[in-house]
Amino acid sequence: MVNGRKKALILINAYLQSESQFSQAERMKEELLALGVDTEIKRNDGFFAMIDKDKLRSNIANEYDFCVYFDKDKYTSEMLEKAGLRLFNCHEAIRVCDDKMQTYIALSGKNIPMPKTVSGLLCYHADEPIRKETVDRVEGLFAYPIVVKECFGSQGKGVYLARNRKELLALMEKLKCKPHLFQEAVQTSFGKDVRVILVGGKVVACMLRQSQTDFRSNIELGGEGSAYEPPFQMQLICEQIAKELDLDYCGIDVLFGRGGTPIVCEVNSNAFFAGIERVSGVNVAKAYAEHIYKKVYGE
């Protein structure tokens, strides 16, 4: 506690514009206040940590008991954590989940079902042409359609589908100077997936997302959510992921493979919960606030 008071900070992105992101922070503040924790919401634009000569300094690390980090600025999260401020989620969990390719690498070898995935080639020069041999190799690894993803992005943005060589080449050209990946398309799950929310490593809420117009089922892209009871195997896989990645809170997107077999698509360390609260009736913000409170204060 700081001067005998329980104090928390919620950090949001410096350039935040989305109403859903504002409401996410407000909901967390509301639930933390209900637990007796004085809570402030700040934009991550205060340069709250820096390297000064050979020292790492922070002007806020000692002002709060913890920080709910609703940003993906990995440099600030690492510096704040190194300065002694406890983050939820921790820096390493945020860093790994923010980069889709890094997430797949971290989960590999853990008996977690994922689509076949290969990282895109790193290109430094926008005028460098895509070689025919490179396209041939991608086609040799995957059958069409092929999913092409930017490694950084959320809400379904930066996720594309190449149905033929022409579309693949166009996407490779478009993304060649950005971190990206190629992935097997799970066609049995086109237009539908499951969003699973976990708090403290346990499943607390779940919804089925479906789209009639897009292979992506994200609510932000027009998909619709409905209450869903995840099968036991899906729950076990999601709980294993939360443990492997040391996530206090996350949203995991699960695809339907053949016969309904769960296949992990993505892991989101800052998943929105307004939609899933609405369709499931679960107070996710309260569950997360109570989990943090118990870990920090032991009460």
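Me: Which strands does helix α1 lie across?

Reply: Helix α1 (residues 19-34) lies across β1, β2 and β5 (66-70), and it runs at about 165° to β2. This is a predicted model, in which local features need pLDDT of at least 70 and side-chain atom pairs count only at pLDDT 80 or more, while totals for chains, interfaces and linings use all residues. Residues are numbered from 1 along each chain as its sequence is written, and side-chain values use heavy atoms, with hydrogens and water left out.

Me: What counts as a helix or strand, and what are the angles between?

Reply: Helices (H or I, at least four residues) and strands (E, at least two) are DSSP runs, numbered from the N terminus. Angles run from 0 to 180 degrees between N-to-C directions, and axes are lines fitted to C-alpha atoms, for helices over the stretch in contact.

Me: What order do the strands take in the open sheet?

Reply: The order is β2-β1-β5-β6, 4 strands with parallel pairing. Two strands pair if DSSP finds at least two bridges between them. β2 (38-43) and β6 (87-88) are at the edges with a single partner strand each, so one side of each has no neighbour in the sheet.

Me: Now the inside. Which residues have the most contacts in the largest nonpolar core?

Reply: M28, L32, F66, V68 and Y288, in a core of 27 residues. A nonpolar core is a set of buried Ala, Val, Leu, Ile, Met, Phe, Trp, Tyr and Cys residues joined through side-chain atoms within 4.5 Å. Buried means under 20% relative accessible area, exposed over 50%, and partly exposed in between (1.4 Å probe, protein chains only).

Me: Which element gives the most to this core?

Reply: α9, with 7 residues. M28 is in contact (heavy atoms within 4.5 Å) with I10, V68, F70, F273, A285, Y288, A289 and I292, leaving aside neighbours within four places in sequence.

Me: I276 next: buried or exposed?

Reply: I276 has 1% relative accessibility, so it counts as buried. I276 is in helix α8 (residues 274-280). Not counting residues up to four places away in sequence, I276 touches R195, I197, A205, C206, M207, G281 and V284.

Me: And F47, buried or exposed?

Reply: F47 counts as exposed because its relative accessibility is 70%. F47 sits in the loop between β2 and β3 (49-52). Its phi is near 50°, a positive value in a residue other than glycine.

Me: Different topic. What kind of peptide bond joins F88 and N89?

Reply: A cis one, with omega about -10°. N89 is in the loop between β6 and α3 (91-98). Y144 and P145 are also joined by a cis peptide bond, with omega about 0°.

Me: Last one: at what angle do α5 and α6 pack?

Reply: Helix α5 (residues 132-141) and helix α6 (residues 165-175) pack at about 120°, with axes 11 Å apart. The contact residues divide into 5 nonpolar, 1 polar and 4 charged. Here Ala, Val, Leu, Ile, Met, Phe, Trp, Tyr, Cys and Pro count as nonpolar, Asp, Glu, Lys and Arg as charged, and the others, Gly among them, as polar.
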